Amino acid sequence: MSIRTLIRGGLVITAADELHADVLIEDGRVAALAAHGSAAAEAWTADRTIDASGKYVIPGGVDAHTHMELPFGGTSASDTFETGTRAAAWGGTTTIVDFAVQSVGHSLREGLDTWYAKADGNCAVDYAFHMILSDVNEGTLKEMDLLVGEGVTSFKLFMAYPGVFYSDDGQILRAMQRGASNGGLIMMHAENGIAIDVLVEQALARGETDPRHHGEVRKVLLEAEATHRAIQLARVAGAPLYVVHVSAEEAVAELAAARDKGLPVFGETCPQYLFLSTDNLAEPDFQGAKYVCSTPLRPREHQAALWRGLRTNDLQVVSTDHCPFCFRGQKELGRGDFSKIPNGLPGVENRMDLLHQAVLDGHISRRRWIEIACATPARMFGLYPQKGTIAPGSDADIVLYDPHAEQVISAETHHMNVDYSAYEGKRITGRVDTVLSRGELVIEQREFTGRAGHGAFIPRSTCQYL
Ligand SMILES: [Zn+2]
């Protein structure tokens, strides 16, 4: 039985347009849009009509960088696929692209199957996977082709974390060459981890153990250097490149210079780099540990360059790098040694709201909000137009957003499974009201009506910017 749903009277905002239109949904997909009040729209009948007057009708968010239940630093990210995707829905995100992990000495297949099993039957919204390559060798290079064939079309490499995820330049070059031939997009964590580890050791030897030293040893120059090196390796391989969690002005400059040459180089930043800074890392009583992530938070001055990059399209995507660890019992593992603080921040629930606030603050336009949070991540990772827009044939992943509601972000009221908020006390204008995932209501007027297991694995095509 197919249910016809009609969303009436809202302002439909996509990356391309803003129009007062009614949206007809059938079989979980957008069937048609028509001008509000037009004869066509008035003639539509539906089993269910949702009144969107006074609200924005926007595509569900696509968060292309999450780490649900990721094992890291002797513990695991505190959100499971169940709790993390539920929180995503609350925050207006209806698709996540999470990272399956290959462990050193194991196949990609084994890693991917482990992640399929973690997510299967547990997700409230749809999900897809990137693959983290920890061990580039003949076998795993061949496996990349197979993964592209089953819809896992992007591969993350690390220039950081020697001994864990680290790949050397030769391995990176090989993976990029493989990606250039099979269509897989290489995603890069661009920090010079070999040099950083020396600085970590020296800092600890000097007795500099507080969280703020995490930010000091992971230097801007070592992000910029790695970004530059990754770009040159990609040029040599003839491959496109996507740099994750760009945080430093100097790294943005490397991306901008490459793009000015016409190279297929892309950059992502995250809300924490746009809204937080080293001031947070320096909070007393070990509170700074809440803000330990890599790349690290930077001095406030870098934020202007990130906003500018988002406006000029030198940066194209805002993802969260959602990787929550509770302050108690998890972040505390690094008391007395900042290098043992699990790296990561919660944020999957906050991204759409923070970026809406950025619209009100004058950093970006409304359509750019949808572009960087929905449409571009969908295109970048081969999900468009199934995800990331509202158009006939698209999945009916739709958010009714109240642009006038006031809220205060707090761990008391958020839905992520973590005991603190990185944005505690921040006032936001705008709030998610209702969320549909493939035509099913998962949030209805601020009530969770979804269920674990509704969310499906979405195989992806290759990057749509190439
Ligand atoms: Zn990450």
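Buried means under 20% relative accessible area, exposed means over 50%, and partly exposed lies in between (1.4 Å probe, protein chains only). This is a predicted model: local features need pLDDT of at least 70, side-chain atom pairs count only at pLDDT 80 or more, and totals for chains, interfaces and linings use all residues. Residues are numbered from 1 along each chain as its sequence is written, and side-chain values use heavy atoms, with hydrogens and water left out.

**View 1. Leu70 in the loop between strand 7 and strand 8.**
Leu70 sits in the loop between strand 7 (61-66) and strand 8 (71-72). Helices (H or I, at least four residues) and strands (E, at least two) are DSSP runs, numbered from the N terminus. Is Leu70 buried or exposed? Leu70 has a relative accessible area of 5%, so Leu70 is buried. Not counting residues up to four places away in sequence, Leu70 touches Thr75, Ser76, Ala77, Val101, Trp115 and Cys323. Contact means heavy atoms within 4.5 Å. Asp210 is 140 residues from Leu70 along the chain, and their C-alpha atoms are separated by 24 Å. Glu69 lies in the loop between strand 7 and strand 8. Phi of Glu69 is positive, near 40 degrees, and Glu69 is not a glycine. Most residues other than glycine have a negative phi.

**View 2. Helix 4 against helix 5.**
Helix 4 (residues 138-149) and helix 5 (residues 169-182) pack at an angle of about 30 degrees. Their axes are 10 Å apart. Axes are lines fitted to C-alpha atoms, for helices over the stretch in contact, and angles run from 0 to 180 degrees between N-to-C directions. Angles under 35 degrees count as roughly parallel, over 145 as roughly antiparallel, 65 to 115 as roughly perpendicular, and the rest as oblique. Helix 4 and helix 5 are therefore roughly parallel to each other. Their crossing is right-handed. A crossing is right-handed if the near helix is turned clockwise from the far one by less than a right angle, and left-handed if anticlockwise. Helix 4 makes the contact with Glu138, Leu141, Lys142, Met144, Asp145 and Val148, and helix 5 with Arg174, Ala175, Arg178, Gly179 and Asn182. By class, the contact of helix 4 with helix 5 has four nonpolar, two polar and five charged residues. Ala, Val, Leu, Ile, Met, Phe, Trp, Tyr, Cys and Pro count as nonpolar, Asp, Glu, Lys and Arg as charged, and the others, Gly among them, as polar.

**View 3. Helix 5 against helix 8.**
Helix 5 and helix 8 pack at an angle of about 45 degrees, with axes 9 Å apart. The two helices are therefore oblique to each other. The crossing of helix 5 and helix 8 is right-handed. Helix 5 brings Asp169, Ile172, Leu173, Met176, Gln177 and Ala180 to the contact, while helix 8 brings Arg229, Ala230, Leu233, Ala234, Val236 and Ala237. These residues divide into nine nonpolar, one polar and two charged.

**View 4. The nonpolar cores.**
A nonpolar core is a set of buried Ala, Val, Leu, Ile, Met, Phe, Trp, Tyr and Cys residues joined through side-chain atoms within 4.5 Å. In soluble globular proteins, nonpolar side chains tend to be buried together. Which of the 135 residues in the largest nonpolar core touch the most other members? They are Ile58, Phe129, Met176, Met188, Tyr242 and Trp369. Helix 8 (residues 220-237) gives the most to this core, with eight residues. A second, separate core has 15 residues, including Val12, Ala21, Ile398 and Leu441. Among the residues that Ile58 touches are Ile13, Met352, Trp369 and Ile398.

Leu297 lies in the loop between helix 11 (278-281) and helix 12. Leu297 is buried, with a relative accessible area of 0%. The C-alpha atoms of Leu297 and Tyr273 are separated by 5.8 Å, although the two are 24 residues apart along the chain. Thr295 is also in the loop between helix 11 and helix 12. A cis peptide bond joins Ser294 and Thr295, with omega about -5 degrees. Most peptide bonds are trans. Gln303 belongs to helix 12 (residues 302-312). Gln303 is buried, with a relative accessible area of 12%.

**View 5. Arg438 between strand 18 and strand 19.**
Arg438 lies in the loop between strand 18 (427-437) and strand 19 (440-444). Arg438 is not a glycine, yet has a positive phi of about 45 degrees. Its relative accessible area is 27%, so Arg438 is partly exposed.
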